[in-house]
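Good morning, and thank you for coming. Please look at the sequence and the structure on the screen while I speak.

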Amino acid sequence: MASAKEKSRVKRDGVVTETDYIIVGAGSAGCILANRLSADPSVSVVLLEAGGADAHLFYRMPAGYRQLMKSGMGNWKYESEPQAGLNGRRMYFPRGKVLGGSSSINAMVCLRGNPGDYDEWSQLGNRGWSYEDCLPYFKRVERFDGGPDDYRGGDGFVGVSRGPSVEEMGPISKAWVRAGIEAGYPYNPDMNGKTQEGFGPINANYAQGRRQSASWCYLGPVLSRPNLKVITGAMATKVALRAGRAVGVEYSKAGQSKTVQLPERLYWQAVLSIRPFSCSCRELAMPKP
Ligand SMILES: Cc1cc2nc3c(=O)[nH]c(=O)nc-3n(C[C@H](O)[C@H](O)[C@H](O)COP(=O)(O)OP(=O)(O)OC[C@H]3O[C@@H](n4cnc5c(N)ncnc54)[C@H](O)[C@@H]3O)c2cc1C
């Protein structure tokens, strides 16, 4: 179903022994890091991803979300332990297992969060986390189809759609927004703008009919960089340590165990690990097929 061009977005794997940066997990964070780090042509970057390519149409078309959830494609399909409060039932926890990670299978709702929460984090002593501090980064990320202003960015990597106006909404959404207004709340045309309060449309991470996954926005445009190597189907199994320092990552691919390592001159440098190693050991040791 995918075109040859789309398939060729994923480089063919080869044996890699040394690199300056190792990124584990090509999810939202991993794709952005791969893009930013490999912008410096003097360094080499290896990105390991346990899942496969995101060439299937369902990863691209926003309406593919339902199909992805139904089929479990590109998904670790985690389950919680049985929950006493749920009569012993387990909760389903989908997470992306594909280039783009969860950004390739998520619901595309684009909501920054309430500025008051950021300000509270900052007041609690987390310097750099106030809404004012974060705003330049929010703006830098996005290409908002409503155009740039004090709160919105216009030329970032990620296309963000305003969502439908009340007139364009389906009958249920329309009734919901009208009910909010009748109850005395303001109409808010932009929840990521000056204020979050009110009823209105929600922004979405799609543009020109395409899901704006981290793979599509950050990885695709730089896959031709000679200093970036993306290895799919590579399940990282271990961070190799020497004298307490991370010097490489072991991974398994197609039943074979391989190692990517930092050159000795870079042993002081960190192996970058995205989410996988912050999961519990149980998740790492026993991923669902
Ligand atoms: C079904 C669903 C719906 C969601 N809806 C929304 C939404 O509407 N709006 C919103 O803002 N957020 C939503 N989210 C959350 C959002 O997508 C995630 O918070 C975000 O993508 C997490 O980014 P990440 O880089 O931390 O992890 P991920 O994007 O999950 O990336 C982790 C990557 O690491 C890989 N990996 C894991 N273990 C290993 C290993 N051992 N070796 C190699 N690779 C490994 C995984 O395969 C994956 O590709 C949703 C998430 C899901 C799952």
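Let me begin with a term: two strands pair if DSSP finds at least two bridges between them. Helices (H or I, at least four residues) and strands (E, at least two) are DSSP runs, numbered from the N terminus. What you see is a predicted model, in which local features need pLDDT of at least 70 and side-chain atom pairs count only at pLDDT 80 or more, while totals for chains, interfaces and linings use all residues. Residues are numbered from 1 along each chain as its sequence is written.

With these terms, the protein has nine helices and 13 strands. I start with an open sheet of three strands, in the order β10-β11-β12, with antiparallel pairing. Because β10 (235-242) and β12 (256-261) stand at the edges with a single partner strand each, one side of each has no neighbour in the sheet. From one strand to the next, the twist averages 30°; the axes behind this angle are lines fitted to C-alpha atoms, for helices over the stretch in contact, and angles run from 0 to 180 degrees between N-to-C directions.

How many bridges join β11 and β12? Their antiparallel pairing runs over six bridges, and serine 252 has serine 257 in β12 as its bridge partner.

A parallel case is found in β1 and β2, which pair over four bridges. Here isoleucine 22 has valine 46 in β2 as its bridge partner.

Next comes burial. A residue is buried if 20 or more other C-beta atoms lie within 10 Å of its own, exposed if 12 or fewer, and partly exposed in between, with C-beta atoms placed from the backbone. By this rule, 31% of the 289 residues of the protein count as buried. Is β2 covered on one face or on both? Both faces are covered, with Val45 and Leu47 buried on one side and Val46 and Leu48 buried on the other.

Seven of the ten residues of α2 are buried, so α2 is largely enclosed by the rest of the structure; among them are Cys31, Ile32 and Leu33. In α7, one of the twelve residues is buried, so α7 lies largely in the open. Just after α7, glycine 184 takes a positive phi of about 105°.

Finally, the core. A nonpolar core is a set of buried Ala, Val, Leu, Ile, Met, Phe, Trp, Tyr and Cys residues joined through C-beta atoms within 7 Å. The largest one has 40 residues, and Ile23, Ala34, Leu47 and Leu48 have the most contacts inside it. Elements that give two or more residues to this core include β1 (21-24), α2 (28-37) and β2 (45-48). The largest share, five residues, comes from α8.
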